[in-house]
Amino acid sequence: MISIKGLFTPIILLLSFSIQSQIKDCNCCSDNHKAFDFWLGSWTVTNVDGSKAGTNTITKDQDNCILQENWISASAGYTGTSINFYNLKTAQWEQLWIDNSGNHLKLKGNRVGNKMILSSNEFKGVNGKLHVNRITWTINDDGTVRQLWEVLEGDKVVSTAFNGLYSPRK
């Protein structure tokens with residue numbers, strides 16, 4: 001006959017192992033890792049004038065450790081992909097964008113309130129001055145997301161590369 005006390009120890013060990021296993025199974029489930037989750041989904045993207053800019057699908061992959069973007073432009077033949085992840089070592093979000101024309105863009109930053117703000121390192125513009133790409137994704141109350149890509153010279157916005165509104169695809 002097995003005593004209740006004899007069953008209690010294996011049950012506690014099993015529960016402890018199960019909880020530890022669940023924690024280890026989700027290395028990227030912290031609030032910081034979830035900070036960009038508002039961008040997840042399938043989107044129709046429009047320009048400021050209401051014309052279609054393209055479609056975008058954002059998924060979470062690699063056991064919730066990365067957001068992968070797959071962009072298809074309304075302009076035939078242009079596509080791109082980005083990998084986005086929270087870097088525990090730098091405590092920042094990072095993005096690597098690569099498109100089918102061979103261009104790439106590296107960004108880093110963090111969420112501030114209802115905005116994810118990522119910026120590039122400085123680069124020399126055609127005018128010889130130093131510039132920074134800054135892309136801001138803003139969560140809107142109606143479930144849409146605004147993506148604004150600005151080029152800065154110091155603190156001054158010198159151009160807008162993209163201003164798109166993401167609406168959930170139906």
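The talk below goes through the terms one by one.

Modeller: Happy to! This is a predicted model, where local features need pLDDT of at least 70 and side-chain atom pairs count only at pLDDT 80 or more, while totals for chains, interfaces and linings use all residues. Residues are numbered from 1 along each chain as its sequence is written, and side-chain values use heavy atoms, with hydrogens and water left out.

Biologist: Why is His33 called buried?

Modeller: Buried means under 20% relative accessible area, exposed over 50%, partly exposed in between (1.4 Å probe, protein chains only). His33 has a relative accessible area of 5%, so His33 counts as buried. Its place is the loop between helix 1 (4-24) and strand 1 (41-47). Across the protein chain, 29% of the 170 residues count as buried.

Biologist: What makes the pairing of His33 and Ser30 a polar contact?

Modeller: A polar contact is a pair of N or O atoms within 3.5 Å; within protein, one must be able to donate a hydrogen and the other to accept it, and residues adjacent in sequence count only if both atoms are side-chain atoms. The side chains of His33 and Ser30 make such a contact at 2.6 Å.

Biologist: And which residues does His33 touch beyond its neighbours within four places in sequence?

Modeller: Contact means heavy atoms within 4.5 Å. Setting those neighbours aside, His33 is in contact with Asn27, Cys28, Lys60, Tyr86, Leu88 and Trp93.

Biologist: Why does Ser73 count as buried?

Modeller: Its relative accessibility is 15%, so Ser73 counts as buried. Ser73 sits in strand 3 (residues 66-73), and its side chain reaches the backbone nitrogen of Ser75 at 3.0 Å. Apart from neighbours within four places in sequence, Ser73 is in contact with Ala53, Gly54 and Tyr78.

Biologist: Now Glu150. Is this residue buried or exposed, and why?

Modeller: Glu150 has a relative accessible area of 12%, and therefore is buried. It belongs to strand 10, and its side chain makes a polar contact with the side chain of Arg134 at 2.7 Å. Not counting residues up to four places away in sequence, Glu150 touches several residues, including Val132, Val157 and Thr160.

Biologist: Why are the rings of Trp43 and Tyr166 called edge-to-face?

Modeller: Rings of Phe, Tyr and Trp (its six-membered ring) pair if their centres lie within 6.5 Å; planes under 30 degrees apart count as stacked, over 60 as edge-to-face and the rest as tilted. The centres of these two rings are 5.8 Å apart and their planes are at 80°, so the pair is edge-to-face. It links distant parts of the chain, with Trp43 in strand 1 and Tyr166 in strand 11 (residues 156-168), 123 residues apart. Trp43 is buried at 3% relative accessible area, and Tyr166 is buried at 1%. Both rings belong to a cluster linked by ring pairs, which includes Phe36, Trp39 and Trp137 among others.

Biologist: What makes a group of residues a nonpolar core, and which members touch the most others in the largest one?

Modeller: A nonpolar core is a set of buried Ala, Val, Leu, Ile, Met, Phe, Trp, Tyr and Cys residues joined through side-chain atoms within 4.5 Å. The largest has 22 residues, and Phe36, Trp39, Trp93, Met116 and Trp137 touch the most other members. Strands that each supply at least two residues of this core include strand 1, strand 3 and strand 11.

Biologist: Last one: how do you know that strand 10 and strand 11 pair?

Modeller: Two strands pair if DSSP finds at least two bridges between them. Strand 10 (residues 145-153) and strand 11 have 9 bridges, in the antiparallel sense. One of the partners is Ser159 in strand 11, which bridges to Val151. The two strands form a hairpin with 2 residues between them, and Gly154 in the turn has a positive phi of about 70°. Strand 11 is also joined to strand 1 by 5 bridges, again antiparallel, with Pro168 as the bridge partner of Trp43.

Definitions and conventions:
Helix = DSSP H or I, 4+ residues; strand = E, 2+ residues; numbered from the N terminus.
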